[in-house]
Amino acid sequence: MRYAQGGGLTDAERSARERIRLDAVVRFQTGETNKAVAAALRVTERSVERWRRQWREGGQAGNCSKGSPGRPRLSAVQMARLERELERGPLAHGWVDQRWTLARIKNLIGRLFHVSYTVEGTWRLLKRHGWSWQQPARQAIERDDDAVELWKEGGLAAGKSTAAACNGWIVFEDEAGQSMTPPRARTWGRIGRTPVVHVRGRGSGRVSMAGMSCYKPGERSRLIYAIREYTGRKDQPKGFGWRDFRDLLVRARIQLGGPIVLLWDNVRIHLTADLRKFIDANTDWLTVFQLPTYAPDLNPQEGVWSLVKRDLGNLAAADLNQITRAVKRKLKTLQYRPQVIDGCLAGTGLVLDFE
């Protein structure tokens, strides 16, 4: 069975060719030779000869593009089905990983519709329908999307109602860390020569960060944080303990000047008996709700950490102190930019209107 060949030009490419033809017509009218026109427009003399002949026979209208000579290889119904199959992912179609390549999509089109596309034609087809080559976000397999939706309707609504009743703040808390090895960030380099960032291979240590994104309608959004260095010395705590979270909550209450409705995840340190006793003893100003498991996309503080890590990209730090200074500098900058903290909340899709 023979397959119809796919491909074709995008609308932008057709528009560019149309402009070149119209420019050639203007040059014909001024008496330029075919050789001069071809050199000026960077096309072949044979194309210029054909355009001049069309111009003589039909004028400027005769030299306009007639559009695509063929019908679309895939109908609207077929394209809609292809998009549904692509959204199911490569695993559903027999590939062992979750990466769509042009070659795989080309094979899928032939398998579903018995239409043969070239790799370049597949790329153009996807671009025309709003698809692009992207780096995917990660999501835990254990995540329960139904539970997340139920939390948005129940847990988040309860948190907003509690904050509205006590005229309090909704506070999202999360932790992060950074070692001596910096995150990799894109940079310019010569084609064929991958840029190399030289970092220290020796040395241990870690900078631990705990942060709170604080929101209240009618008030400027706040960012409250704590930082701890771990250099590997004996008896030095590696991260935050329950007393550190207690002190951070007390400091947040003082700075915010009102009750706190705290939303955080289910890590072990948040569920310790000592921290639970502290929370139970301060219910007059502190109410705690647990976020769904494996749902970091619901926490705007994750967006804050993303901004901090982006600032550390390719940082060849001489020691741990340099990383700590860079982290503090970025967090201090974010404290004076409440619109950025609001943007981190908008990125979660949550709405905190206290109605």
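## Strand E2 and its partners

Two strands count as paired if DSSP finds at least two bridges between them. E2 and strand E3 (residues 222–230) clear that mark, with nine bridges in the antiparallel sense. This is a predicted model.

Within it, Glu 173 has Met 212 of E2 as its bridge partner.

## The E2–E3 hairpin

E2 and E3 form a hairpin. Six residues lie between the two strands. Gly 218 sits in the turn, and its phi is positive, at about 85°.

## Burial of E2

How many of the ten residues of strand E2 are buried? Nine are, so the strand (residues 206–215) is largely enclosed by the rest of the structure. The cut-off for buried is under 20% relative accessible area.

## His 93, a buried loop residue

His 93 belongs to a loop. Is His 93 buried or exposed? His 93 counts as buried because its relative accessibility is 14%.

The side chain of His 93 makes a polar contact with the side chain of Glu 85, at 3.1 Å. Leaving aside residues up to four places away in sequence, His 93 touches Glu 85, Arg 88, Trp 100, Leu 108 and Arg 111.

Conventions:
Residues are numbered from 1 along each chain as its sequence is written. This is a predicted model: local features need pLDDT of at least 70, side-chain atom pairs count only at pLDDT 80 or more; totals for chains, interfaces and linings use all residues. Side-chain values use heavy atoms; hydrogens and water are left out. Helices (H or I, at least four residues) and strands (E, at least two) are DSSP runs, numbered from the N terminus. Buried means under 20% relative accessible area, exposed over 50%, partly exposed in between (1.4 Å probe, protein chains only). A polar contact is a pair of N or O atoms within 3.5 Å; within protein, one must be able to donate a hydrogen and the other to accept it, and residues adjacent in sequence count only if both atoms are side-chain atoms. Contact means heavy atoms within 4.5 Å.
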